[in-house]
Amino acid sequence: MKKNNNRHFSKKNQAQKARINNVEHVPSDKKKTFAKVNGGVFVYSKPLSVSELSEAINVPVPNIIKFLFLQGKAVTINHVLDDEMIGTVCLEFGYDFKKEKVVDEAHFEEIEIEDDPSSLVERSPVVTVMGHVDHGKTSIIDAIRHSNVADKEAGGISQAIGAYQKEHNGKKITIIDTPGHAAFTAMRARGASVTDIVVLVVAADDGVMPQTIEAIDHAKAANSQIIVAINKMDKPGVNPRKVKEELMAHDVIAEDYGGDVIMVEVSAKTKQGLDDLLDAILLKAEMMELKANPNRYAIGTVLEANLDRGEGPKATLLVQNGTLNAADFVVVGDIYGKIRRMSNENGQVLKSAGPSTPVAVTGLSSVPAAGDRFMAFPTERQAKEIAERRALEKLEKTRSKTSAMSLSDLNNLVTAGQVEDINVIVKADTDGSAEALKASLEKLSEDKVRVKVISAAAGAISDNDVLLASASHALIYGFNVRPDARIKALAEEQGVEIRLHRIIYELLDEMKAAIKGKYKAEVVEKVTGQAEVRHIYKITHVGTVAGSYVTSGEIKAGEKVRLLRDGAIVYEGTLESLKRFKDDVKEVRQGYECGLRIAGYNDVKEGDVVEGYEMVAKEEA
């Protein structure tokens with residue numbers, strides 16, 4: 001460690017690093033004391049038995065047992081006391097009390113940093129641009145980017161990383177160029193809250209579209225501030241007022257309509273309003289009072305990563321607090337490394353990068369994942385040990401992975417009084433059904449449990465829905481729609497439960513039971529397989545035969561099936577016949593072709609999906 005590096009070397013900075021908003025930073029299993037008295041205040045960090053509390057506050061065990069007995073609570077010497085009991089005993093015997101959370105340094109993303117106000121400096125806002133396809137998101141980003149380097153580089157810029165900084169009125173704005181909502185949400189699903197402000201791009205000639213609504217849902221779920229850029233104002237006859245009115249239906253209300261959302265009319269083509277947009281970002285950032293401490297080891301998030309043939313593992317990091325220096329030892333996710341080379345979006349080599357600065361780095365032992373958190377440490381040995389512990393914990397979590405929020409888990413949490421909000425995503429076959437379900441589900445809210453529908457829309461269940469559910473600990477309700485095999489696999493990977501219904505009162509009864517802690521699933525549906533219709537054959541005296549390819553599981557003759565078109569159910573019935581070439585067969589497995597016919601239904605089309613299912617006891621599901 002170089003002596004001229006002043007980060008953390010004063011006692012004040014060491015104390016700032018150790019004391020973190022009622023969180024104690026504990027180095028590698030060295031701290032064994034879980035309770036102490038400090039200036040008349042009893043400080044503890046875990047549930048304590050009567051004997052442990054007795055020893056810590058120097059009060060005889062019989063005195064504690066007698067006092068609690070008089071309070072109507074019978075305990076023994078080994079009884080583990082909850083927070084309420086510990087607090088009651090402390091107050092009775094003359095102590096104030098305080099519970100602290102102990103954070104192992106291997107879980108550095110859980111540290112809530114509280115710095116001395118005098119050490120904080122203003123940092124740049126981090127902005128993500130989102131919107132519906134073809135509404136001009138990329139055009140706006142390019143327009144801002146090129147105006148950033150127009151005076152410095154003829155012929156534009158070669159983007160080395162997917163993030164850059166724009167200077168406007170003497171202040172910097174960090175703009176993240178994400179490939180879409182999925183990447184934005186994948187980061188949040190890993191616990192990374194990187195975006196301060198979302199710029200929502202809406203085309204003035206097109207208005208609010210499905211992906212616009214998705215972007216709003218994702219921004220709100222991330223608790224990011226929203227600024228709306230009404231684009232394509234150069235087109236004749238456009239009506240920005242119509243856009244504002246459409247956005248009101250999604251609780252995005254413009255300032256001139258009595259809301260708090262700044263809306264700027266722009267044209268990426270003519271550059272109209274771009275300065276106003278940047279002014280709005282800086283104004284919003286000033287209101288948010290964004291600050292950070294540059295005099296500490298860096299902590300932040302991976303924006304993107306790849307394996308470069310020439311340079312090896314390469315990652316784009318966003319420094320969120322502290323300062324990252326070249327040659328720092330870092331833990332990124334569950335890997336470690338020493339910063340070998342650090343550069344900005346122009347490819348310029350940097351020696352250091354402060355808060356809100358995006359940088360491309362090399363020197364990591366392998367490729368991390370977008371959304372992984374990183375932190376710098378003083379020695380390579382420490383970084384390596386922490387990375388190994390994190391890798392082991394990740395493996396154990398993967399082995400015991402559970403749903404982000406299953407209905408059974410929800411039922412158990414409600415019963416234990418450990419849940420206040422139930423997040424739900426609704427996908428239905430029509431807008432009317434989606435809105436009706438949203439209203440009905442939210443009416444089920446009670447005093448202690450609130451149902452919160454974070455997204456309700458028409459259409460098939462998408463990967464965006466699954467990622468949003470994973471990030472928001474939500475469950476997905478599908479009404480008259482079905483997920484395909486790819487979406488099912490993604491949901492299983494993300495630990496997201498998808499509940500499917502065709503009768504609205506059954507869906508509502510199920511949620512009502514879970515809210516009351518009385519949900520019990522005795523019989524569940526099990527999908528046996530799916531087949532994609534690739535050819536249609538009209539056969540006289542027989543009807544329509546669908547030439548199909550089994551994409552997952554197996555299709556069985558005589559089983560119950562449903563026909564899906566664009567994710568929506570168009571028919572349910574029985575598989576009347578199943579053939580391989582000219583022979584009748586009992587089943588056809590994944591990867592094989594077949595001909596099939598659904599009893600009583602001939603309106604099958606190419607691209608439809610035939611899904612087989614059966615009802616089984618819960619333990620067999």
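Modeller: Let's begin with pairing: two strands pair if DSSP finds at least two bridges between them. Helices (H or I, at least four residues) and strands (E, at least two) are DSSP runs, numbered from the N terminus. This is a predicted model, where local features need pLDDT of at least 70, side-chain atom pairs count only at pLDDT 80 or more, and totals for chains, interfaces and linings use all residues. Residues are numbered from 1 along each chain as its sequence is written, and side-chain values use heavy atoms, with hydrogens and water left out.

Colleague: How many helices and strands are there in the chain?

Modeller: The chain has 15 helices and 35 strands.

Colleague: What makes strand 9 and strand 12 a pair?

Modeller: Strand 9 (residues 126–131) and strand 12 (residues 197–203) are joined by 5 bridges and run parallel. Pairing asks for at least two bridges, so they qualify. Within that pair, Gly131 is opposite Val201 of strand 12.

Colleague: What packs on the sheet there?

Modeller: Helix 7 (residues 210–221) does, touching strand 9, strand 12 and strand 13 (225–231). Contact here means heavy atoms within 4.5 Å. The direction of helix 7 makes about 170 degrees with that of strand 12. Axes are lines fitted to C-alpha atoms, for helices over the stretch in contact, and angles run from 0 to 180 degrees between N-to-C directions. Helix 9 (residues 274–288) packs on the sheet too, touching strands that include strand 10, strand 11 (171–176) and strand 14, and its direction makes about 170 degrees with that of strand 13.

Colleague: What is the order of the strands in that open sheet?

Modeller: The 6 strands go 10-11-9-12-13-14, with mixed pairing. Strand 10 (163–168) and strand 14 (262–265) are the edge strands, since each pairs on one side only. From one strand to the next, the twist averages 30 degrees.

Colleague: And what makes strand 30 and strand 31 a hairpin?

Modeller: Strand 30 (residues 560–565) and strand 31 (residues 568–580) pair in the antiparallel sense over 6 bridges, with 2 residues between them. Leu564 stands opposite Ile569 of strand 31. Asp566, in the turn, has a positive phi of about 55 degrees.

Colleague: Which other residue has a positive phi, although it is not a glycine?

Modeller: Asn223 is one, at about 60 degrees. Most residues other than glycine have a negative phi. Asn223 lies in the loop between helix 7 and strand 13. Lys232 has a positive phi as well, of about 65 degrees, and is found in the loop between strand 13 and helix 8 (240–248).

Colleague: Why is Asn223 called exposed?

Modeller: Buried means under 20% relative accessible area, exposed over 50%, and partly exposed in between (1.4 Å probe, protein chains only). Asn223 has 71%, so it is exposed.

Colleague: Why does Ala456 count as buried, then?

Modeller: Ala456 has 17% relative accessibility, which is under 20%, so it counts as buried. Ala456 belongs to strand 25 (residues 450–458). Beyond its neighbours within four places in sequence, Ala456 is in contact with Val426, Ala434, Glu435 and Lys438. Over the chain, buried residues make up 48% of the 621 residues.

Colleague: How many disulfides does the search find?

Modeller: The count is 0 for the whole structure. A disulfide is a pair of cysteine sulfur atoms within 2.5 Å. Cys90 is buried at 0% relative accessible area, and Cys594 is buried as well, at 8%.

Colleague: Why is helix 13 called roughly parallel to helix 14?

Modeller: Helix 13 (residues 463–472) and helix 14 (residues 485–494) pack at about 10 degrees, with their axes 10 Å apart. Angles under 35 degrees count as roughly parallel, over 145 as roughly antiparallel, 65 to 115 as roughly perpendicular and the rest as oblique. That makes helix 13 roughly parallel to helix 14. The contact includes Val466 and Leu467 of helix 13 and Ile487 and Leu490 of helix 14.

Colleague: Where in the chain is confidence lowest, and where is it highest?

Modeller: pLDDT is the predictor's confidence in each residue, from 0 to 100. Strand 1 (residues 23–26) is lowest, at a mean of 36, and strand 14 is highest, at 96. Over residues 1–33 the pLDDT is below 50, although this stretch has 68 contacts in the model beyond near neighbours in sequence. Residues 147–160 also stay under 50. Where pLDDT is low, the predicted coordinates should not be read in detail. The chain mean is 81, and 81% of its residues reach 70 or more.
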